[in-house]
Amino acid sequence: SNTYLLSGGNASGTISAARSFTLTDKGHLTGTVGTNVFNQAGGIMQGTVQTNTYLMSGGTLITSDRVTTNAFGQTGGEVRGSVNAGIKARAIGGTINALSNSGIDVSNTGQGISISTSSTSPIVNAGGTAIQARETKGGISIVTGGGVSGATGISAYATEGGNVNIVSNNVVQGKTGAAISAGSTGGRVTISGPGAIEGGSHGILVKSQDGDIDVKTGNTITGRTGVSLETSGTGDINFDLGGTISASDTAISLKGGATNSHAILDHDVIAGKTALRSENQGLTTFDNYATIRPASGGSEKLTLLDNVAGKAVLNNHSGGILQGVLSSGAGAETIVNNMGGGIWDTGNPAVFSLNGANDMIQNSGLIKVSGDTKFNGLETFENRAGGDLNLVNNKVTDRLAISGDYVGHAGSSISLDVDF
């Protein structure tokens with residue numbers, strides 16, 4: 001038959017229902033069922049089921065790997081044993097609106113959401129969001145093993161203190177929107193995993209309120225904006241770049257409230273317009289160990305650091321390479337510490353646009369300057385021991401104008417071309 005309803009008694013033997021099988025009330029299944037959709041709203045299932053989708057809202061499922069399904073969703077009832085499924089969603093008391101390889105949509109109001117996919121179960125929704133989760137009070141956990149692709153890849157938001165945890169073990173794509181979009185009001189947002197992040201508008205977009213944000217990537221990130229992390233009120237931001245990030249506009253944007261933000265950059269950062277952007281009432285610190293460079297053109301084409309508001313510190317560690325110029329908003333404080341072994345090519349010519357206060361460059365490494373370069377708005381350039389402010393390029397027409405003070409320490413140098 002196309003449909004089969006078991007609401008009482010025991011069903012044994014082999015049953016085939018092309019469209020759906022429904023187990024409810026006092027039904028007891030001990031036989032074998034093959035169907036497209038298995039619905040369990042009550043009763044006891046301790047038989048064998050092979051189906052495309054198993055949806056459980058009540059009753060008891062007793063299984064020792066005797067349920068084989070592409071997708072298993074649970075909003076109620078009790079499961080004893082394990083279920084073989086490539087796609088799993090659990091939202092006790094909630095709603096599963098969609099659960100298939102064409103999209104997952106789950107919502108709940110307090111008891112949490114968990115979604116997982118296996119490596120053999122890709123989720124593709126070209127016209128919408130591939131995986132969506134909405135929770136008002138509880139937490140959200142999403143772990144992907146297969147690829148995820150949609151107009152937006154993954155969208156997960158919790159309110160009223162719920163935490164959001166996303167682990168991507170395979171590529172996540174957002175064709176026009178964000179590959180991963182997440183947020184929480186009062187809870188922590190954590191994003192990690194070795195999967196590549198390929199976004200349209202954003203690779204990763206997080207907007208939270210009064211909650212921490214922790215992002216640790218393990219592969220490449222692409223998007224018009226690579227990573228944008230924002231939290232208002234309280235909540236720290238921590239970002240660890242585990243793969244090259246390439247953005248046609250802004251690579252990394254951190255916007256915080258009254259607390260601190262920290263980014264560890266140990267892979268290359270490539271941007272079309274702005275590499276790093278900071279807007280924070282507290283302190284933003286970028287620690288660079290790799291190369292930050294423009295997507296095309298000379299170093300002067302890239303805004304290395306745009307400090308919109310607050311205090312931002314960029315530490316370029318030994319082996320790190322910086323390319324680009326500085327800009328800031330009114331009242332912002334910008335500090336660049338080019339350490340020993342660090343290299344900074346400002347471009348030809350480089351023109352800074354610093355509009356804040358107490359802006360400073362501390363140099364113990366190599367800073368290359370060419371052409372008619374202007375460090376506009378810079379209050380202090382401190383050349384420390386080992387630091388070389390270098391204008392050598394076989395031309396004697398190079399000029400550097402520093403709007404503030406130059407402080408040279410013993411052991412520092414300024415290198416020039418000289419025509420005798």
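Guide: Start with the residue classes. Ala, Val, Leu, Ile, Met, Phe, Trp, Tyr, Cys and Pro count as nonpolar; Asp, Glu, Lys and Arg count as charged; the others, Gly among them, count as polar. On that basis, the lining of the largest pocket has two nonpolar, six polar and five charged residues.

A word on the source. The model is predicted, so local features need pLDDT of at least 70 and side-chain atom pairs count only at pLDDT 80 or more, while totals for chains, interfaces and linings use all residues. Residues are numbered from 1 along each chain as its sequence is written, and side-chain values use heavy atoms, without hydrogens or water.

Now the pocket itself. The search runs on a 1 Å grid over the protein atoms alone: a pocket is an open set of points with protein on both sides within 12 Å along at least five of seven lines, a cavity is a set where a 1.4 Å probe fits but cannot get out, and lining residues have an atom within 4 Å of a point. Points join across faces, edges and corners, and volume is the space filled by probe spheres set on them. The largest pocket holds about 160 Å³. Its lining has 13 residues; closest to the centre are S228, E230, S253, K255 and R277. Strands 21 (202-209), 23 (221-232), 25 (245-255) and 28 (274-288) each give two or more residues to this lining. Strand 25 gives the most, four. Strands (E, at least two residues) and helices (H or I, at least four) are DSSP runs, numbered from the N terminus.

One cavity of 30 Å³ or more turns up in the whole structure. The largest cavity has a volume of about 40 Å³. Among its lining residues are S168, I191, S192, G193 and K216. Strand 19 (189-193) and strand 22 (213-217) each give two or more residues there. Strand 19 gives the most, three. This lining divides into three nonpolar, six polar and one charged.

Last, the chain. It has zero helices and 42 strands. Its radius of gyration is 28 Å, well over the 22 Å of the globule rule for 420 residues, so the chain is more spread out than a compact globule. The radius is taken over C-alpha atoms, and the rule is 2.2 Å times the number of residues to the power 0.38. Along the principal axes, the C-alpha atoms fill a box of roughly 105 × 35 × 30 Å.
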